[in-house]
Amino acid sequence: MNKPNAKRKLGQILIDAGVIEKSDFEKALSEQKHSTKKLGEMLVEKGICTEDDIATAISSQLGIRQIDLKIAAVEPEAVQVIPEKWAVKHQLIPISRDGRNLHVAMADPYNTEALQDAQFASGYQITSYVATKSDIDWAIRKHYKFEDYADSIVDDICSDTNLELIQEGNDQQPDPHSMKQQSEAAPIVKIVNHIVSSAVRQKASDIHAEPTRDNLLIRIRVDGALRVLTELPKWTQGGVISRMKIMAKLDIATKRVPQDGRVGIRLDGSSLDLRVSTLPTNYGEKVVIRILDPENSIISIDHLGLEGKNREKLLSLLSKPQGIILVTGPTGSGKTTTLYAALSRMRTVDKNITTIEDPIEYDLKGINQVAVHEKAGRTFPNILRAVLRQDPDVILVGEMRDAETGTTAMQASLTGHLVLSTIHTNSTVATITRLRDMGIPSYLIASTVIGIVAQRLVRVICPSCKVQDSPSDGDLRKIGLVAREAQGKTFFRGRGCYECGGTGFKGRVALYEILMLSQRIREYIANEATEAIIRQLALTEGLVTLNYAGTQAVLNGTTSVSGLLHVSQSDEDFGSRCPACESVIDPEFVACPHCTQKLIDTCAGCGKIIDPAWCCCPYCANKVREPARINENRKLKKAG
């Protein structure tokens, strides 16, 4: 229980802080003798000072932190520790629990009787804060009569939802009685159910519950972009976050470390899996819920959006008996979906397929799935070595994270297994460099990798509000189109409507870049060829780049220029443009191969980059031009 170093009267504190004059204090003190009101109430009533003046003076003069209860995240578990009648009697409100400490806001933090009663009632050590009396009265009404106030929010934002939590091992259909209990549950449960059900019905992949200074912001990710679902009052934060943690069977008393959990739900007849993750932030715990739909997640190769040569390339890779196929791209680019579609294609009775995942996202029938558990010693390399003793035909390694995993996977492919995995790079050719950086020898890469698939998910223009667009020349250049290529083309965008939530986009489609390693490319990789050289070889062999796939999606009206810029920019990901002919060129080129335009000044002797103002190369002393001073002297001599 924190106490002041020395007991000081409120009047003296206010005088020392310069809040009131001594004469005003004495006048209020004399009137208080004939009243039942406290001194602070008398000073406020007379207009001598405000409640906030009193709280600020106590905080600054005595070193007790002031707290604004209107924006504080009060925990429901803490409120339950002290009875309402004692909170009203002593003008205090519990805020949070921390181990054996109970944090309490008080109008008079030097009320010894109140501190002792709070400690006796709760069994906790009390840490006191100062708040205004009106704020404490408001907080007592809100949090001790929580359901009465929460009901108004439920009426405003909630509709009835048939959402039921699925207990582990319980796959029975929901019974009407349990659904009736759900409908009569506490308002905070209805609020959380509404958030989850609204996100599911809008086809969101994630729910973000984000504490801010003034409220609890609820956002959902739809088609790869976040949008606001609702904003809840700050005083609901503790209840909403606690409810989400309880659903996932997380420890609601632990707030300083991240936690992860999962929960199954049944909504509108469909079973869904929710992955819940918490993270402490400066305004409270943030919760992110990943929504997984097992029924609609596993799609076939035919529904990936692959067409023409790209489809043929992928099917050819999947038919190989051994080797490594890598799928690359940033987080959220659909790599897992592509891999699951590939496994579904290869899943036959005569093949033993095993996956190593962290975590297992979807249940695949007829396939052996193993979850990584590093604390138990089940790491990617350890599981992979064990799987190799299980007579596998096809192995999926969730992610190639380090040299040990990569080397083990490549050795597995050398012994007659087909290995599929993911890796984070920007393009197919950049994957070669990434593998080298991980410490995997070039000769091993060349002899094991048979194909690399790079992909992005681009948002599709909403058909309900599709209109013509006039993108700027600058934006067109960013996606790899120049004025002469865009001339006469029609571009589109989504205006924004109810169907797409005002975003202009509805749904996503994948863009693919598939590199099949030919014998010539393998030889160059084994001989440590640079990324630029390998890329040029791939282009000559017909590589369809992500940049090209993206521009085609814009030109055929599938997505807009802004939609493509959301996932990639050609200047950063795929090279740059020649300033003369505007052809796509590699960043390492010193001259344009299409028009011979010189891009960088280099020394004719050693080939190193030089400054245009230099007269000689500082690396090999080769003369570049005559110094200006010498030329002037020669002119003067001739004139003399």
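This is a predicted model: local features need pLDDT of at least 70, side-chain atom pairs count only at pLDDT 80 or more; totals for chains, interfaces and linings use all residues.

**Entry 1: Ser122.** I began with the side chain of Ser122, which reaches the backbone nitrogen of Tyr124 at 3.1 Å. Residues are numbered from 1 along each chain as its sequence is written, and side-chain values use heavy atoms, with hydrogens and water left out.

I found Ser122 in helix α7 (residues 112-122). Is Ser122 buried or exposed? Its relative accessibility is 13%, so I noted Ser122 as buried (under 20% relative accessible area, with a 1.4 Å probe and protein chains only). Leaving aside residues up to four places away in sequence, Ser122 touches Val81, Ile82 and Leu102 (heavy atoms within 4.5 Å).

**Entry 2: Thr540.** Next I went to helix α23 (residues 531-540), where Thr540 is found. Thr540 has a relative accessible area of 60% and is exposed (exposed means over 50%). I also saw that the side chain of Thr540 reaches the backbone oxygen of Leu537 at 2.5 Å.

**Entry 3: a lining.** I then turned to the second largest cavity, whose lining includes Leu314, Ile325 and Thr338. A cavity here is a set of points on a 1 Å grid over the protein atoms alone where a 1.4 Å probe fits but cannot get out, and lining residues have an atom within 4 Å of a point. Which element gives the most to this lining? I wrote down α15, with three residues.

Terms used: On a 1 Å grid over the protein atoms alone, a cavity is a set of points where a 1.4 Å probe fits but cannot get out, and a pocket is an open set with protein on both sides within 12 Å along at least five of seven lines; lining residues have an atom within 4 Å of a point. Helices (H or I, at least four residues) and strands (E, at least two) are DSSP runs, numbered from the N terminus. A polar contact is a pair of N or O atoms within 3.5 Å; within protein, one must be able to donate a hydrogen and the other to accept it, and residues adjacent in sequence count only if both atoms are side-chain atoms.
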